[in-house]
Structures are given as C-alpha cells and as structure tokens.
Amino acid sequence: MNQPTFFTTPIYYVNAKPHLGHAYTTIAADVAARFNRMCSSDTFFLTGTDEHGDKILEAAKKENITPKEYADKISGLFRNLWPELDISNNYFIRTTNADHIKVVKDLLQKIYDSGDIYFSEYEGIYCFGCERFYQERELVNGKCPDHGTEPEKIKEANYFFKMSKYQDWLIDHIKTHPDFIRPERYKNEILSFLKEPLEDLCISRPKSRLTWGITLPFDHDFVTYVWFDALTNYISALGYPDGELFKKFWPHTKHFVAKDIIKPHGIYWPIMLKAAGIDLYESLNVHGFWNVSGTKMSKSIGNVTDPVEVSGIYGVDPFRYFLMREMVFGLDANFTEDTIVQRINSDLANDLGNLFSRVLSMNFKYFRGNIPQPDERTEKEKALSLEKYADTAIKEYQKAMENTMFHRGLIAVWEFISIMNKYIDNNAPWTLAKESSQKKTLETVIYNLLEGLRVVSCLIYPVMPETSFRMQKLLGIEKERTEQNNDTENDFYTLNEVMPWHQLKKNKKLEKPPILFPRIDTDTIRTKEMKK
Ligand code: MSP
C-alpha cells in the first residue's frame, strides 16, 4: 500500500445552487481520488459546504427563513448532487457541524495563546460582497475587482492575525517545495503577490454587524471571519487534533480549487497551519474557470449552467469525460452545447464506441462470441501483439494523471484507441476470415483487440467509472461491486493489475455488443431544450 492521500474540494457557499464550476472541481478531485485508489493508495476524499457569513444571512433574509434553515436547504442540494455525478467522497462536511465549530474555536485559542492574534482599531475599505477589507491598489477603477461595486469605508475594532510575521518563511517554503502550488503560473502569481508587504488578516467581525458565525472563544462580542472558519474544515473533517483520520491522512493532502481562491489557500491557510504548529499540506492544485459560450457565468446573463440538466441530457460519464478532456487543468475553458456534442460524437461514439462494437461484433461473428486464444509461439504472432502500445499508453497516462493533467491522460488512452482502430484496418479481419489458412492470425488479431479493450476499460475508470464497469461486464471480467461504502469500493482494477498482457481467458463467451455511446443528434437536443 502506498502512502495514504487526502483529497479536498473547496467547501461551497450555500448562497446559490450548484453550477458547472462546482461540478468541475468536484469531478476533477474525484478523478484524482479514484486514480489514487487505482494506485493502491489509501484515499480520503472530502467535500462539503461553507455556511456562515454575510452572504448566507442575506440570502436567507430574502427567503424569509433562518440562516440555518437556508443552509440546510442549499447544503442538501450539493450533498444530493454528488452521488448523481458519481462522486466518491468519503465525507461531506458542513461548517455548522458542532465538531467543526469546536475545532475552529480550539485553533483560534491556540493561535491567540501563542501571541499571533491581537486586538486593534482599523479603518479600511470593505467589500460586503467579498466580506473582506481591500487595499487601494487591489481595486480596479476604485471598485472591487470581483463585484464591480465601490467598497465602503469602515472603521472598527477587530482581532488581527499576524500574517506579516510569516511572510519570509512562506516565500521560502513555496520556493523550496516546487509542487506546493501548481501549475507553475499560480505559484508565480502567489510569489508575485508576496513581493508586496503582507498585511495582517482581520479574523473577526463584531456581532453588532454580523451574528451568523462562530463566536470567538476569547471575546464573545465577535464572530470568526468566514475564511478562517472555512479553511479549518480541512482538518476538522479529519478529527484534528487526535482523530485517527487526522493521524493517518494529514499532511498528505492535495487541495483542489479554482484560481479565484488561491490567496486564502496559498497564503492564509499555510500561515494558519504554521502558526498553530501543524504540518503544511502537500499541494494546492489550481484550475482555471469555465466560461459558458465565451462569457463568464452570471445570473444576470442567464448562462449559469446546471450540471444536473447537462448530465441529464448527455449522460453522467460523457459529461465527466467532456469536462476532463476539454479543460487543460490550470487554464480557462469554454462550455458550449456544440463542443460537448462534438466531443461525445467523435471521441466516445466514434472512436471508443465504434471500436468496442466492431471488435465484439467480429468476435461474435467469427468465433460465436468465444474468446480466441492466440498461440504466442510464432514470430508473426508476436509481431501482431499490441502490448508495447498498451505499455506506452499506460506510462504516459500514469505520468499525466499523477500531475493532474487529466486531458493528457485521456489523450494517451485515445492514442491507443486510434492505434487499435488502425490495426483493424491494416489487418482486415474480414479478409483473414475468408481463408482457413489464416485462422490462427485471425484469432491473434481479435484476441489482441479484446485485450486492448480490457486495458482501455481499466484506464478510463477514474473518469468514466460506469462505462469502465459496463465494458468489463461485456468482456466478462467485471469485479465484484460493493455499494455499502465508498471506502471499500472495489469495482476497479488497480494499475498493477492492468498488465501483463494476455489476461483474457479462453472459455468465456461474450455477447453481441450493445451501443456504448449513442451518437447525439443535435436537432433532437435542441428540440428537447426548447420543450423545457
Ligand atoms: N466557500 C468558499 C471556499 C472555501 S474553501 C475553504 C468559496 N465558495 S464558492 O462556492 O464560491 O466556490 C468557489 C469554487 O467553486 C471555485 O474555487 C471553484 O472550485 C468552483 N467554481 C466556481 N465557479 C467556477 C467556474 N466558473 N469555473 C470553474 N470552477 C469554478 O469560494
């Protein structure tokens, strides 16, 4: 068993329902977690919801319900969405959980006792949308870069966290740990931000202004700043300080976030951990933003894309495949109906789907579904083996997946698929079938193709778990499924089990293949959309 690893997504605000962006991060982390399980490494995968602060209070007021009732409702939408998208999280955390609240208070007290939190009067410009103070130089034309609104000047006494004290230490840590923030561009963004003096962080809000939060343990007139509260979820979920999960999984942690929240994760969080004497996480994996039809998703434009709707139309696995294949992890990507249809039709229906049905149909036609067994003794048969191509694909796939380059991992698999498609054309089994002297060659060709499909079915598991299982079932090699607990899910082949070549056994009879991915007719989809 390799080193245990802990995967996390951001905990999402409960002020709006889940959209495409939330689905992407959670699917990306799920793919990484499933890949890690494939590497025989113990895995704990966490997601959840961030439920305190102004934003939630305001949203609840609009609906005339209490913030807790509101949080329950929206948190439920997130929690119920994840199984629908085949997310294999081991736990779902809510910041309104009593266990989490206790850990936040303990952490604050610990840092307060060590002298890194102080009380002071402060006058500054504050964006209520972001729930934070800004510095003049961060504004764009005097306005909040995120909300486009003018921040308000406010003067208040608050508690501050001495982040400035740790600035040089953090710069050094980032520089000496090349994978701490990745890809590179985001590491550089953080380092360039750290060239300016780091201001201390205001970690409280007076109750006169905000009550929906965790009361400071050392001053009951204040609640905790939401980011301090939220970031702590990553350790409270593991039962910090002495829970078994914490001991086992921390600090072997891979955080997944988008570029919008690298500052809290790349600056506040490591400093909070350092100040509390806790080891730092292993890596912060940052991806870009999804735009929809070329523009930022926004309620006012009306292009906020609902993952339930999209996966309902195209299927869960095709949706997951599209997201992982289309976005280069780290860069922005664009979502349009045409691009998803194109990807599904070309990569899934044509390349993989056709290959699968061609091979199984030929096996059915020439061998009545019985898996042929090649005789490996002749040089000719060795030359026909696809083993070396599978080896190359697995190596490239593994390297890419370990580095969160999911699109590249999929490209490696699809190159192998394309080699197999060409192999069929080059060896023309339909011609071999006409000559009885070529029987052995025909058996070898079909056997190699079936083996190739076996390899593909294993490699697509993290991205398309359901299709992987379906293909394996049709190849007669499905693993037993257990539904009770994600932790013990064992319906996949580990990377070590994918090779050697030559695993399919004789005496298995395969059925005629069904269609794996139906081609999508754009007109049908548009009609469906219009009917809504
Ligand atoms: N609650 C904080 C996170 C606290 S983590 C300790 C928060 N929540 S959020 O609901 O606003 O979620 C932000 C995250 O949602 C992004 O970092 C990203 O994971 C995901 N996305 C939101 N919009 C997105 C896109 N348009 N594209 C890709 N991902 C996006 O910030």
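## Ligand contacts

A backbone N or O atom of Gly-21 lies 3.4 Å from a nitrogen atom of the ligand, a polar contact in the sense of a pair of N or O atoms within 3.5 Å. The model is predicted: local features need pLDDT of at least 70 and side-chain atom pairs count only at pLDDT 80 or more, while totals for chains, interfaces and linings use all residues. Residues are numbered from 1 along each chain as its sequence is written, and side-chain values use heavy atoms, with hydrogens and water left out.

One lies 2.6 Å from an N or O atom in the side chain of Thr-25, and an oxygen is 3.0 Å from a polar backbone atom of Tyr-13. Taken alone, the ligand exposes 670 Å², of which the protein buries 93%; these accessible areas come from the Shrake-Rupley method with a 1.4 Å probe.

## The shell around the ligand

The ligand is surrounded by 23 residues, the closest being Ile-11, Thr-25, Asp-50, Asp-260 and Trp-290. By class, the shell holds 13 nonpolar, eight polar and two charged residues. Here Ala, Val, Leu, Ile, Met, Phe, Trp, Tyr, Cys and Pro count as nonpolar, Asp, Glu, Lys and Arg as charged, and the others, Gly among them, as polar.

Strand E1 (2-13) and helices H1 (20-38), H7 (226-231) and H8 (233-236) each supply at least two residues of this shell. E1 gives the most, with four residues. Helices (H or I, at least four residues) and strands (E, at least two) are DSSP runs, numbered from the N terminus.

## Packing of H12 and H13

Helix H12 (residues 316-326) packs against helix H13 (residues 337-367) at an angle of about 100°, with their axes 10 Å apart. That makes H12 roughly perpendicular to H13, a term for angles of 65 to 115 degrees. Among the residues that meet are Phe-319 and Arg-325 in H12, and Ile-340 and Asp-347 in H13; contact means heavy atoms within 4.5 Å. The residues of this contact divide into seven nonpolar, one polar and four charged.

## Backbone features in loops

A cis peptide bond joins Arg-182 and Pro-183, with omega about 0°. Pro-183 is placed in the loop between strand E7 (181-182) and helix H6 (184-193). Another cis peptide bond joins Trp-250 and Pro-251, with omega about 5°.

Ser-293, although not a glycine, has a positive phi of about 45°. Ser-293 is found in the loop between strand E14 (290-292) and strand E15 (295-296).

How values were computed
Axes fitted to C-alpha atoms, helices over the stretch in contact; angles between N-to-C directions. Parallel < 35°, antiparallel > 145°, perpendicular 65-115°, else oblique. Near = heavy atom within 4 Å. Polar contact = N/O pair within 3.5 Å; in protein donor to acceptor, adjacent residues only side chain to side chain.
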